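Hi,

Here is the structure I promised to pass on.

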Amino acid sequence: MSLNIQFKLTVFIGKLIFFGLKLLKKQGTALPGKIALKLYPTILKEMGKKCKKTLIISGTNGKTTTNNLINHILNGKYDNIVSNLKGANMIQGVVTSFIVNDKNSYDWGVFEVDEGSIPTVTKYIDNPDYIILTNFFKDQLDRFGEVENTIKIVHEGIKNLDSTLILNGDDPSSLKFNDLNNKKIYYGLNENKFSKTDHTVAEAIFCGNCGNRLDYDFISYGNVGKYYCNNCGFKRPNLDYLAESIDIKENSYEFTVKTKNKENTIVYFKYLGIYNIYNSIAAIAFSCENGLNLTFIKERIESFDYKLGRMETLKFPDKEVILVLSKNPVGLSEVLTTFSYDESKKSIMFILNDTPADGKDVSWIWDADVEQLNKIKNIANFYCSGVRAEDAALRVKYAGLDTNKIKIYSSSNETDIETSINDILNQNVEKVVIIGTFTATPAARTILINKLSKYKKNKI
């Protein structure tokens, strides 16, 4: 069988698998690609050649949001974009995105790629034009180990590429790539009303150059901020794209963007969490570097609508439900920080699972700043759900929350969470916040969407 026929047959089989999964109401974001790779191991190399330009987005937090945001911007200018928008970010997910959007050529290939998959994906997608690295935190310790190992994996995967690197300059880990000769673009934030100056950093607090403890002028979240080393002069690089004057107005962020070309504009972004400002600036940096007009970029960002459980708001008849993914200490800490500014009466749920996709080791919850719960106003109840609900409840108890408010709903598997969701929806509150790990968030979203559809149907 010729390679061309084998390639086409493999794509056809992948499509059949995808449509079969859709009939079974499955997402089908990875299995078609997994089977295709078995049948044609170098299929991604052939598919990658169809892209005129390519972008890879990697890092611990923010990959999926940044990917979707950049796609939304590019879709205002280009007709043919291939991308893995639903977060399936290993090589099989990238291959699946080509299979389900099969075309002869693409203007852009835009892919979020799991840090551990970077060496494999870059082996086949030859010299992506751009690589965005969002940040590096402790995540899935049973899979990656310490964060230094994750950075090493990514570094090894991109060290021989000519790609332009778009790096979060506020993350000290970004300077671990200083030895690479690639063109580098840095983005970040200036000090603002949400910046922290207490210098409480849980990880990556030592200089990557000399090992001395880093000092900070301010911290945005985690270990991300304006840092410097008093011993060797190691410091945050000059930023090419930055956000400043950040404020919250009518449940949206308002911030000023400054570019390396000395252009300024005010942008509104409706998804809260300081990490989402970083995602926005990363998308702005990439778009400006590709010659898109800043006014156009602003308009696209402000019209962005995201529906994958990353600060997604679902409006029920008597309350708002906010669904948030959180899978590591820094992410959970920042989510809790975000809601410390919300004064509405609310109930909060944390769904903690421990499947391989979530990470079997859930000890990371003890590294998160759960004590911030005591700063969040008007918490009616805190629900602990999921396979490791008891672990979540213990962490919340030790954080000092009133134990009378803690409700435990242990699940037998990662999707057995409907009872806890039913109960929290029956709470007499203005707002419900559901925080879930990697498998918990889509399971919760499916339940919520089905309930919302029934409400709307009954109303009609």
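Let's start with helix H10 (residues 294-302), where Lys-298 and Glu-302 both sit, four residues apart, or about one turn of the helix. Helices (H or I, at least four residues) and strands (E, at least two) are DSSP runs, numbered from the N terminus. Lys-298 and Glu-302 form a salt bridge, with their closest N and O atoms 2.8 Å apart. A salt bridge here is a side-chain nitrogen of Lys or Arg within 4 Å of a carboxyl oxygen of Asp or Glu. Side chains of opposite charge can pair when their charged atoms come close. Glu-302 is partly exposed, because its relative accessible area is 31% (buried means under 20%, exposed over 50%, partly exposed in between, with a 1.4 Å probe and protein chains only).

Before going on, a word on where this comes from. This is a predicted model, so local features need pLDDT of at least 70 and side-chain atom pairs count only at pLDDT 80 or more, while totals for chains, interfaces and linings use all residues. Residues are numbered from 1 along each chain as its sequence is written, and side-chain values use heavy atoms, leaving out hydrogens and water.

How many salt bridges does a search of the whole structure find? The count is 24. One of them pairs Lys-15 with Asp-102, the closest N and O atoms being 3.2 Å apart. That pair links distant parts of the chain: Lys-15 is in helix H1, Asp-102 is in the loop between H5 and E3, and 87 residues separate them. Lys-15 counts as partly exposed because its relative accessibility is 27%, and Asp-102 is also partly exposed, at 34%. Lys-50 comes in too: Lys-15, Lys-50 and Asp-102 are linked in a network of salt bridges.

Another one joins Glu-289 to Lys-183, with the closest N and O atoms 3.5 Å apart. Again distant parts of the chain are linked, with Glu-289 in helix H9 and Lys-183 in the loop between E5 and E6, 106 residues apart. Is Glu-289 buried or exposed? Glu-289 counts as buried, because its relative accessibility is 16%, whereas Lys-183 is partly exposed at 47%.

Together with Leu-9 and Leu-16, Phe-12 forms a nonpolar patch on the surface, with about 290 Å² of accessible area in total. Patches are made of residues with over 30% relative accessible area and no salt bridge: like charges are joined within 9 Å, and nonpolar side chains (Val, Leu, Ile, Met, Phe, Trp, Tyr) within 5 Å. Accessible areas come from the Shrake-Rupley method with a 1.4 Å probe, and for residues only the protein chains shown count as cover. Phe-12 itself counts as partly exposed, because its relative accessibility is 48%.

The nine-stranded sheet

Nine strands make an open sheet in the order E2-E3-E1-E4-E5-E6-E9-E10-E11, with mixed pairing. Two strands pair if DSSP finds at least two bridges between them. The edges are strand E2 (81-83) and strand E11 (264-269), each pairing on one side only. Strand E9 (residues 241-249) and strand E10 (residues 252-258) run antiparallel and are joined by six bridges. Asp-247 has Glu-254 in E10 as its bridge partner.

The six-stranded sheet

Six strands form an open sheet, also with mixed pairing, in the order E12-E13-E17-E14-E15-E16. Its edge strands are strand E12 (310-316) and strand E16 (406-410). E14 and strand E15 (residues 379-386) pair in the parallel sense over five bridges.

Not counting residues up to four places away in sequence, Met-349 touches several residues, including Tyr-383, Ile-421 and Val-433 (contact means heavy atoms within 4.5 Å). For scale, the C-alpha atoms of Met-349 and Lys-34, 315 residues apart along the chain, are separated by 34 Å.
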